[in-house]
Amino acid sequence: MEKIKITIEYCTLCQWTPRAVWLQQELLYTFNNEIEEISLRPTNGGVFKIYVNEQQVWDRKEQGFPEPKKVKQTIRDLIDPERSLGHTDK
């Protein structure tokens, strides 16, 4: 399986850095063997978006703030739909 690149783009003016770092940590714990790179992209304008291999998979303005469970399931469904996420799937 090809390793993935995840980017979390977030607004620094909104002080969403802690949320982005926390989500980055959660994704590293869950997908540590599948991730080639996970990066934080500070920006402004109320942005909080998540990309997998440059494909946008989450936008706060459309879907609200992401809960780790939902993001993990979204990424899993994209890269390995058959994979169990254990307690996260319950």
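In the predicted model, N33 counts as exposed because its relative accessibility is 60%, above the 50% cut-off. N33 is located in the loop that links α1 and β2. The C-alpha atoms of N33 and K49 are 23 Å apart in space, with a separation of 16 residues in sequence.

The largest nonpolar core comprises 21 residues, and I6, L27, I50 and I75 have the most contacts inside it. At least two residues of this core are supplied by each of β1 (4–11), α1 (17–31), β2 (35–43), β3 (48–52), β4 (55–59) and α3 (68–79). The largest share, 5 residues, comes from β1. For I50, one of the core residues with the most contacts, the partners beyond four places in sequence are I6, T7, I8, L23, Q55, Q56, V57, W58, P66 and V71.

The helices α1 and α3 pack with their axes coming within 10 Å and crossing at roughly 45°. This angle makes α1 oblique to α3, and the crossing is right-handed. On the α1 side, the contact is made by W22, L23, E26, L27, T30 and F31. The α3 side contributes P68, V71, K72, I75, R76 and I79. Of the residues in the contact between α1 and α3, 8 are nonpolar, 1 is polar and 3 are charged. L27 and I75 take part in this helix contact and are also among the residues with the most contacts inside the largest nonpolar core. L23 of α1 and V71 of α3, both in the helix contact, are in contact with I50 as well.

Technical notes: Residues numbered from 1 in each chain as written. Predicted model: local features only at pLDDT ≥ 70, side-chain atom pairs only at ≥ 80, totals over all residues. Heavy atoms only, no water. Core = buried A, V, L, I, M, F, W, Y, C linked by side-chain atoms within 4.5 Å. Buried < 20%, exposed > 50% of the residue type's maximum accessible area, 1.4 Å probe, protein only. Helix = DSSP H or I, 4+ residues; strand = E, 2+ residues; numbered from the N terminus. Contact = heavy atoms within 4.5 Å. Axes fitted to C-alpha atoms, helices over the stretch in contact; angles between N-to-C directions. Parallel < 35°, antiparallel > 145°, perpendicular 65-115°, else oblique. Left-handed = near helix turned anticlockwise from the far one by under 90°. Nonpolar A, V, L, I, M, F, W, Y, C, P; charged D, E, K, R; others polar.
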